[in-house]
Amino acid sequence: TRGGVLVGLFKTEKVYATTGTFYPDADPETSTVDGMISYDSDATWATVRDAITGTIAYDSYPSVQIESRLSAGVYRIDRGFFLFNTSALGAGATISSAVFSIYGTDTKIENDSGHATSYVVSSSPASNTALTTADYDQVGSTSFGSISYAAYSISAYNNYTMNASGLSNISLTGISKFGLRIYSDYANVAPTGDNLLKFINAETADTSQDPKLVVTYTIVIPPKQD
């Protein structure tokens, strides 16, 4: 102050709200992967659902599926995996909301009522850039969001709004890892027929139908120091 009059400026931090959209890499992957892993097939439901290792891994197909099926006396499960490099958010970001989306395609089937509801969960494959049959059991059991069979589109994006658990699964400085499970698999209720949802993967010509994660967040810019 000079003569009781305040001079100079109070410098305050600035808070910016923005969104970021993230996609898995197409094949050949550089930082993230998407795809599915299957156990196909066995006569015992518990063997298929609780297996540590699957029988087939798909990480370079343009479209895959999640599925629970009983056919000719044998069971099958397909699980989805989706990784996103969200390190651009930065350690100082505060996430307020996020939406995980997959673009449905071709067909959907629900032979068992309620069994084709889909659930977003966590995943933890050994590699960020490839899926193997050993990753089959690397899916979580906590739902981050769900969509019913009736609401699932086979010609548009299906948007799963992340709950608090889903938001906490997003990495600010690294790779965010998600999975997708169909109800029979998620809830451990054996199917009596076929329940299937198909969707498009990152191995397509552009990102217009790729799996995506849209994150709304704020960042704080500290005041400039003289």
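Asp-185 is buried, with a relative accessible area of 0%. Buried stands for under 20% relative accessible area, exposed for over 50%, and partly exposed for the range in between (1.4 Å probe, protein chains only). The model is predicted: local features need pLDDT of at least 70, side-chain atom pairs count only at pLDDT 80 or more, and totals for chains, interfaces and linings use all residues. Residues are numbered from 1 along each chain as its sequence is written, and side-chain values use heavy atoms, with hydrogens and water left out.

Asp-185 forms a salt bridge with Arg-79. The closest N and O atoms of this pair are 2.9 Å apart. The pair links distant parts of the chain, with Asp-185 in helix H3 (residues 183-187) and Arg-79 in strand E5, 106 residues apart. Helices (H or I, at least four residues) and strands (E, at least two) are DSSP runs, numbered from the N terminus. Arg-79 is also buried, at a relative accessible area of 2%.

Across the whole structure, the search finds nine salt bridges. The criterion is a side-chain nitrogen of Lys or Arg within 4 Å of a carboxyl oxygen of Asp or Glu. One of them joins the side chains of Asp-40 and Arg-76, at 2.7 Å from N to O. Asp-40 counts as partly exposed, at 29% relative accessibility. Arg-76 counts as buried, at 9%.

Arg-76 has a further partner. Its side chain meets that of Glu-67 in a salt bridge of 3.5 Å, N to O. Glu-67 is buried, with a relative accessible area of 1%. A network of salt bridges links Asp-40, Glu-67, Arg-69, Arg-76 and Asp-78.

A separate site is Ser-153. This residue sits in the loop between strand E8 (145-147) and strand E9 (157-161). The Ser-153 side chain reaches the backbone nitrogen of Ser-155 at 3.0 Å. Leaving aside residues up to four places away in sequence, Ser-153 touches Gly-104 and Asn-158. Contact here means heavy atoms within 4.5 Å.

Note on methods:
Polar contact = N/O pair within 3.5 Å; in protein donor to acceptor, adjacent residues only side chain to side chain.
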